[in-house]
Amino acid sequence: MTSDNNKMLMHRFTEFIDTASEKLAEELIASEAVFHVPGQDKPMQGPAGYLAIIRMMRGGFPDIQWTLEEMVAEEDKVAARFTMRGTHQGTFFGFPPTTKPIVVKAMNFYRFSGGQIVEEHGQPDMLGLLTQIGAMPTA
C-alpha cells in the first residue's frame, strides 16, 4: 500500500469512528491489530477492541464526532491530528454528566498492513478533556 492509499483509508477510518459501524471495523481493522490506549495497562485488540474504545467514549459523550484535521503519511505509517467534539451527557471516568460541550485535540499514530490498520498509539488531550468537564481544577 502506498502513502496515498493509507491516507484514503484514514478518511474511511474517520467515518468508522464517527459511526461505530461494525462493518467498517471489520473492513479497516486487522484482527491482530493492537491499540495502545492511555490509562490502559494492556492494548486493546482487533475490531472488537476498537469498538470498545468507541463505546467508552460514546458512554460519556453520545454525540461525539471526530474531525481529521491533518495527516502525514510515510510508507506504512500515518500521523493524524484530530479534533473531538461532543457533549458530556454520560458518566466518563467516574465523573457524572455535566452537559458541558468539549473540544479536545488528539494526535494518533497508525501503522497499516494489507490495507488495514494493525497498530495505533492514541494520544488524546485527556487533561484538557477532564478540565472541560470540571473533573480537574482550572488553575
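Which residue in the turn of the hairpin formed by S3 and S4 has a positive phi? The residue is Glu75, whose phi is about 50°, and the hairpin has two residues between its strands. The legends below describe close-up views of a predicted model.

View 1. Six strands make an open sheet in the order S2-S1-S6-S5-S4-S3, and their pairing is mixed. Strand S2 (44-45) and strand S3 (65-74) stand at the edges with a single partner strand each, so one side of each is left without a neighbour in the sheet. Strands of a sheet pair through backbone hydrogen bonds, in either a parallel or an antiparallel arrangement. The parallel sense is found between strand S1 (residues 29-36) and strand S6 (residues 116-124), which pair over four bridges, and here Ile29 stands opposite Ile117 of S6.

**View 2. Helices packed on the sheet.** Helix H1 (residues 3-19) packs on the sheet and touches S1, S3, strand S4 (77-87), strand S5 (101-113) and S6, while its direction makes about 165° with that of S3. Helix H3 (residues 46-60) lies across S1, S2, S3, S4, S5 and S6, and runs at about 50° to S1.

**View 3. Strand S4 and its two antiparallel partners.** S4 pairs with S3 in the antiparallel sense over nine bridges, and it also pairs with S5 in the antiparallel sense, over 11 bridges. S4 is mostly covered, with eight of its 11 residues buried. Arg81 is partly exposed, however, at a relative accessible area of 30%.

View 4. Arg81 and Glu70 form a salt bridge in which the closest N and O atoms are 3.2 Å apart. Because Arg81 lies in strand S4 and Glu70 in strand S3, the pair ties together parts that are 11 residues apart in sequence. Glu70 is partly exposed, with a relative accessible area of 44%. A salt bridge also joins Asp76 to Lys77, with 3.4 Å between the closest N and O atoms; Asp76 counts as partly exposed at 26% relative accessibility, and Lys77 is partly exposed with a relative accessible area of 47%.

View 5. The structure holds five salt bridges, and one of them brings the side chains of Arg12 and Glu27 together at 2.9 Å, N to O. Arg12 lies in helix H1 and Glu27 in helix H2 (residues 22-28), so this pair ties together parts that are 15 residues apart in sequence. Arg12, Glu15 and Glu27 are linked in a network of salt bridges. Both ends of the Arg12 and Glu27 pair are partly exposed, Arg12 at 30% relative accessibility and Glu27 at 38%.

**View 6. A nonpolar surface patch and the loop that holds Phe93.** Met56, Phe93 and Phe95 make a nonpolar surface patch of about 270 Å². Phe93 is placed in the loop between S4 and S5, and it is partly exposed, with a relative accessible area of 49%.

**View 7. The surroundings of Pro43.** Pro43 has its place in the loop between S1 and S2, where it counts as partly exposed at 40% relative accessibility. Leaving aside neighbours within four places in sequence, Pro43 is in contact with Val34, Phe35 and His36. The C-alpha atoms of Pro43 and Phe92, which are 49 residues apart along the chain, are separated by 20 Å.

Note on methods
Residues are numbered from 1 along each chain as its sequence is written. This is a predicted model: local features need pLDDT of at least 70, side-chain atom pairs count only at pLDDT 80 or more; totals for chains, interfaces and linings use all residues. Side-chain values use heavy atoms; hydrogens and water are left out. Two strands pair if DSSP finds at least two bridges between them. Contact means heavy atoms within 4.5 Å. Axes are lines fitted to C-alpha atoms, for helices over the stretch in contact, and angles run from 0 to 180 degrees between N-to-C directions. Patches are made of residues with over 30% relative accessible area and no salt bridge: like charges are joined within 9 Å, nonpolar side chains (Val, Leu, Ile, Met, Phe, Trp, Tyr) within 5 Å. Accessible areas come from the Shrake-Rupley method with a 1.4 Å probe; for residues, only the protein chains shown count as cover. A salt bridge is a side-chain nitrogen of Lys or Arg within 4 Å of a carboxyl oxygen of Asp or Glu. Buried means under 20% relative accessible area, exposed over 50%, partly exposed in between (1.4 Å probe, protein chains only).
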